[in-house]
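Subject: Structure for your files

Hello,

Here is the structure I promised to pass on. My notes on it follow below the entry.

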Amino acid sequence: MFDELKEECGVFGISLKKDYSELAKDLYLGLFALQHRGQESCGIAYYKDNSIGVVKSLGLVSGDFFEILPRNIESSSGIGHVRYSTCGGAGIVNAQPLSFKCNKGEIAIAHNGNIPNYEYMRDELIKKGSIFQTTSDSEILIHFMAKIQDKNFEDSLMEALSNLEGAYSMLMLHDDTVIAFRDPTGFRPLSYGEIENGIIFSSETNALDLLGAKNIKDVNPGEIIFCKKGSIRSKKFSNPKKLNQCVFELIYFARPDSTVFGESVYEARLKMGAKLATLRKCNPDIVISVPDSGNTAALGFSRASGIPFEFGLMRNHYMGRTFIKPEQKKRNESVRIKLNPVKSAINGKSLAVVDDSLVRGTTSRKIVAMLKESGAKEVHLFLSSPEIKFACYFGIDTPTDKELISSRATPEEIAKEIGADSVTFLTVNDLKECLSEPEKYCYSCFNGNYPMTIKSRCSDCVC
Ligand code: SF4
């Protein structure tokens, strides 16, 4: 599944024992490994000569950003960000890290998550005289901090965080200190590990692997880590709350070579595929995946069922995302450009097609049509997520409830609508059986039980 449910953002940070001329290059590598989490803009902030320097660019990490990356800056500390935003908020002004000069000093922030009631809080602050630099929800934290009188930077941050409700795994740069914190319910992942000359932080462990990190741990929900010159000091800004880790990190967003929330993404997806195989009421000849997000679950399906796995769809990885326009017509065209059926593998066969999720259904309709045009006898679609019926307010760009196909149609109706012979979803209980600690996850987009009251949703601020 692609071009339906959008990735969110990724953050990466480095704190070294000594200044290092390759700091920007290492930040670049970290962001490169997190590119799947956001392709619309990227940037780094670093501490140098008692000030914070920021370099940002629209597009991919390997695009214009590479050209403007500062070479040979001697610095010990920096943070980086890759971003996906909804339409209207994708300009360079909202690209992160965001940097501010306020009564608490110079601060840069890189945020993965979403503050659901941001618009409401922003309006309240504007009424009281605050002036916002961006339309990003991430900025609200700086305003909360700046409003706190007679407290230093650290105490202001701790107090502001204790009042901030939402999804945030955030990195902050203040002087030469990198600060990492995760909201008390732990919606988004954030890990860190030791390298030879310091500490690195990342949304996903695959980026830590790239830089050779050892002793990898999660920043705990409600924990704040201050890291200066590669040395860690940890505090709690909130008591433990019921966890709401985003289960979609395991279903779709995170890379299979990452471990998030203590779970191997690869192993979790194999289990989801195996579980799907037990739900089948058809007898497909082969299992194929919708690449890349359906690959691991399809392998799990094939292993559990004994039905051979084939590469039935090939994906072109080399098309820039900026080419894809959001309008419906263009989205359909982009499926054709990205995926092509392998006719010799599927001709005359009944297919079990494994994908991660179904959002609007437009992409799946196109894929089913392509497979049938290429000679598939039957197309049975299997989704490793439960039916998505409700919008997400915690860092994933979902359409409104009304646009979600599962909010208005049963699996049988969906099959008819997209031209498939059958459509099978995992149930929430099936999904829970694939997780080692299911009680620690958020399932709001399946059941509509949100863990907080949603007063407003900012359409421009998925970070
Ligand atoms: S609502 Fe869905 S997508 Fe959003 S955080 Fe919860 S599980 Fe993840």
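M172 stands opposite I179 of β8. The model is predicted: local features need pLDDT of at least 70 and side-chain atom pairs count only at pLDDT 80 or more, while totals for chains, interfaces and linings use all residues. Residues are numbered from 1 along each chain as its sequence is written, and side-chain values use heavy atoms, with hydrogens and water left out. Helices (H or I, at least four residues) and strands (E, at least two) are DSSP runs, numbered from the N terminus; two strands pair if DSSP finds at least two bridges between them.

β8 and its neighbours

Strand β7 (residues 167-174) runs antiparallel to β8, and 6 bridges join the two. They form a hairpin with 2 residues between the strands, and D175 in the turn has a positive phi of about 50°. β8 is also joined to strand β12 (residues 223-228), again antiparallel, by 5 bridges. There the bridge partner of I179 is F226.

Of the 6 residues of β8, 6 are buried (under 20% relative accessible area; exposed is over 50%, partly exposed in between, with a 1.4 Å probe and protein chains only). In a regular strand the side chains alternate between the two faces of the sheet. In β8 both faces are covered, with T177, I179 and F181 on one side and V178, A180 and R182 on the other.

T185 is found in the loop between β8 (177-182) and β9 (191-195). T185 is buried, at a relative accessible area of 12%. Its side chain makes a polar contact with the side chain of D183 at 2.9 Å (a pair of N or O atoms within 3.5 Å; within protein, one must be able to donate a hydrogen and the other to accept it, and residues adjacent in sequence count only if both atoms are side-chain atoms). Leaving out residues up to four places away in sequence, T185 touches P221, K241, K242, L243, N244 and Q245 (contact means heavy atoms within 4.5 Å).

β10

A hairpin joins β9 to β10 through 2 residues, and the two strands pair in the antiparallel sense over 5 bridges. E194 has I199 as its bridge partner in β10. Strand β1 (residues 9-20) is antiparallel to β10 as well, with 5 bridges, and L16 has G198 as its bridge partner there. In β10 (residues 198-202), 5 of the 5 residues are buried, so the strand is largely enclosed by the rest of the structure. G198, I200 and S202 lie on one side, with I199 and F201 on the other.

α3

The buried residues in helix α3 (residues 118-127) include Y118, M121, R122 and L125. Seen down the axis of α3, its buried residues fall within an arc of 100°, so they line one face of the helix (the arc is that of the directions from the helix axis to the C-beta atoms). Among what covers these residues is α4 (140-147). Just after α3, G129 takes a positive phi of about 105°.

Cavities

The structure holds 2 cavities of 30 Å³ or more (on a 1 Å grid over the protein atoms alone, a cavity is a set of points where a 1.4 Å probe fits but cannot get out; lining residues have an atom within 4 Å of a point). Of the 15 residues that line the largest cavity, C246, F248, C392, C442 and C445 are the closest to its centre. α15 (444-447) and α7 (248-253) each supply at least two residues of that lining.

Regards

Methods: 1 Å grid on protein atoms, 1.4 Å probe; cavity = no way out; pocket = protein on both sides within 12 Å on 5 of 7 lines; lining within 4 Å. Points joined across faces, edges and corners; volume = space filled by probe spheres on them.
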